[in-house]
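Subject: Handover of a structure, with notes

Dear colleague,

I am passing the structure below on to you, together with an account of what was found in it. Please look at it first and then read on.

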Amino acid sequence: MNRRLDDRYELLDEMPHVTGGRLFRARDLAFGEIVGVKQLGPNCGLELEPRQHLENTIRHLQCLPHPHLVRIDTLDVSHGLIVQEWVQGISLLDLLRRRRELSVCEALYLLSSLPATLDFLAREAVPIPRPLLGKLFVEFAEDIVPEVMIGASLDHWPAFSLKLNPLSLRGLLADPAGDETKHTIVLDPRRPTEIQEGYGPRELTLLLYELLGGRIREIDSRRYSPLSSLHEGGNAVLRRELLAMPHADCESLWRDLLQSEADTNRIPPVPPTRTTVAVPTYHIPEAFLDSSHPGSVLNLNSDAAETLPIHFTTGQRFTIGRSATADFIARILPENATNDARTNRLSRVHTLLETDDGQITLRDGSGSGPSLNGSSLDGQPLTPNHPAVLPHRGRLVLGDEYAMDLIPLDSAESPAWKIDNLDAWTGPAETTAPVPYRALACEPVEGHGVTRHGIWLFSEAGFGLDAAHRIVWDTRGRRRSPAAFHYYRGCFWLRNDSLPEPVLVGQDTLLGHGEILPLAPNQTIRIGSHTFCVQIE
């Protein structure tokens, strides 16, 4: 198998025994990482209402970046594709099949981060995926062979991280040899899926019971078969959870269990932590040490009609509307009488984004009055006078005509990096630190096109290139991008970490790996198949 999807994903091999569609291990050509691609068939094999439920579920999960949750990158409803983080490791289900059962030390060693993760899901009103055992994965470093680890003693395992896939999908394939899925059920069909008191601790207890060799899982039978691997104290903790008074949360259950095992001097060691990544260092090419041009707007324009211009803006405001001067231009395309009439129902400035104490807020209208037909964020109407805070990711709808996702290109603090010859650069001195958001990108949905890319740049906007050498903005929220635009010391910069295609600057000067360029007006840069002229205001 060596098949590509949308010039972006190279399918490597298919995983067997998958519910809810077909799962492939694939290579994301834009960022050079392995991902999981799940095919659900056109429109995900769903009618409108359940399809919208799936969209809302995935969007909600995308707003919850967590180190122990599997990251969900993309949902393409029309093609029925879900792209998610690929865990380099083994599932607890496979581990249990090999081991039959685990010792107390092994179970507590493996699950040490799980209670806090389950409590996080409960706080965010996310149903715990069922069955939990099949949704947990042990992630190792890229140079570790997972199959070897299954047979090795846990005492000899290298550093690892426990990952939980928060999304449950079940489906029936019409033809096992075909690509289409005819029926998909979102979430586990068993009830209840709503958040209930004691729901998380009970699921954790059932998981522990199974890992430790328990075979009776019918909790309503009022039976509990003691586990030989646990002393009476540990059995009492699990018996209480299953048959009597549930714990308030998973952490309290976990503390009780650890205390019961501490009495028998069998506390497991803390899992080793991952090694930290070295701080990357960049170098300014000698020919550009005198190149600097402070500004707050960067425009990258192209003579090629098929190449979209890119508009970067900094500062405290970002405007969205149909005006050509808006930072993001919302127009219904292609231009014709019907679409122009729909566009005209949008205000010139329809929504105003501002920064307030390190957060991004949204108001309906231009700041001096409401928009023509209103706007909403995640289904909640926006008002002109009461700003709404943007979560990690949000769906903005303008007048029921134009919808887009507002995607922070990494809401975490900017990663550490340095320039080794910065002292020789003649540009401005250090300025105040940017707000935590690194950049904000607008991605139209429901088939809407754009006249240009609009990016609100605070510190960094990472990107990669697909197989057609087109720019793909890095919405993953983790790891370093192959390349990025920066706003640093009041100037715009372009860095190249690992782009496979050359970035050419000025007089065909190659911007090599590990080099960073201060941008100035009238420079010509080529990124993949795109050639741009730099303009700074």
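**Aromatic pairs**

Y282 counts as buried, because its relative accessibility is 2% and buried means under 20% relative accessible area, exposed over 50% and partly exposed in between, with a 1.4 Å probe and protein chains only. Before going further, please note that this is a predicted model, in which local features need pLDDT of at least 70 and side-chain atom pairs count only at pLDDT 80 or more, while totals for chains, interfaces and linings use all residues. Residues are numbered from 1 along each chain as its sequence is written, and side-chain values use heavy atoms, with hydrogens and water left out.

A search of the whole structure gives 15 aromatic pairs, where rings of Phe, Tyr and Trp (its six-membered ring) pair if their centres lie within 6.5 Å, and where planes under 30 degrees apart count as stacked, over 60 as edge-to-face and the rest as tilted. The rings of Y282 and W417 make an edge-to-face pair, because their centres are 5.9 Å apart and their planes stand at 70°. This pair links distant parts of the chain, with Y282 in strand β12 (residues 281-282) and W417 in the loop between β23 (402-408) and β24 (418-419), 135 residues apart. Helices (H or I, at least four residues) and strands (E, at least two) are DSSP runs, numbered from the N terminus.

The rings of F318 and W456, in turn, have their centres 5.5 Å apart and their planes at 20°, so this pair is stacked. Because F318 lies in strand β15 (residues 317-321) and W456 in strand β26 (residues 453-457), the pair ties together parts that are 138 residues apart in sequence. Both F318 and W456 are buried.

One aromatic cluster is formed by Y282, W417, W425, Y488 and W493. An aromatic ring also takes part in an arrangement with a charge: the charged end of R476 sits over the ring of F31, 4.4 Å from its centre, the rule being that NZ of Lys or CZ of Arg is within 6 Å of the ring centre and within 35 degrees of the ring normal.

**The chain as a whole**

The protein chain has 9 helices and 35 strands, and of its 537 residues 52% count as buried. Among contacts (heavy atoms within 4.5 Å) between residues at least 6 apart in sequence, 63% join residues at least 24 apart.

**Two sheets**

The pairing of β15 with β16 is parallel over 2 bridges, and F328 in β16 is the bridge partner of I320.

**A buried aspartate**

D405, which is in strand β23, counts as buried because its relative accessibility is 6%. Its side chain is joined to that of R395 by a polar contact of 2.5 Å, meaning a pair of N or O atoms within 3.5 Å, of which, within protein, one must be able to donate a hydrogen and the other to accept it, while residues adjacent in sequence count only if both atoms are side-chain atoms. Leaving aside neighbours within four places in sequence, the residues in contact with D405 include R59, R393, A441 and E443.

**Backbone points to check**

Most residues other than glycine have a negative phi, and most peptide bonds are trans. A cis peptide bond, with omega about 0°, joins L333 and P334, and P334 is in the loop between β16 and α9 (337-343). D6, in the loop between β1 (3-5) and β2 (9-15), has a positive phi near 55° and is exposed, with a relative accessible area of 65%. D400 has a positive phi of about 60° although it is not a glycine; D400 lies in the loop between β22 (394-398) and β23 and counts as exposed at 75% relative accessibility.

With kind regards

How values were computed
Two strands pair if DSSP finds at least two bridges between them.
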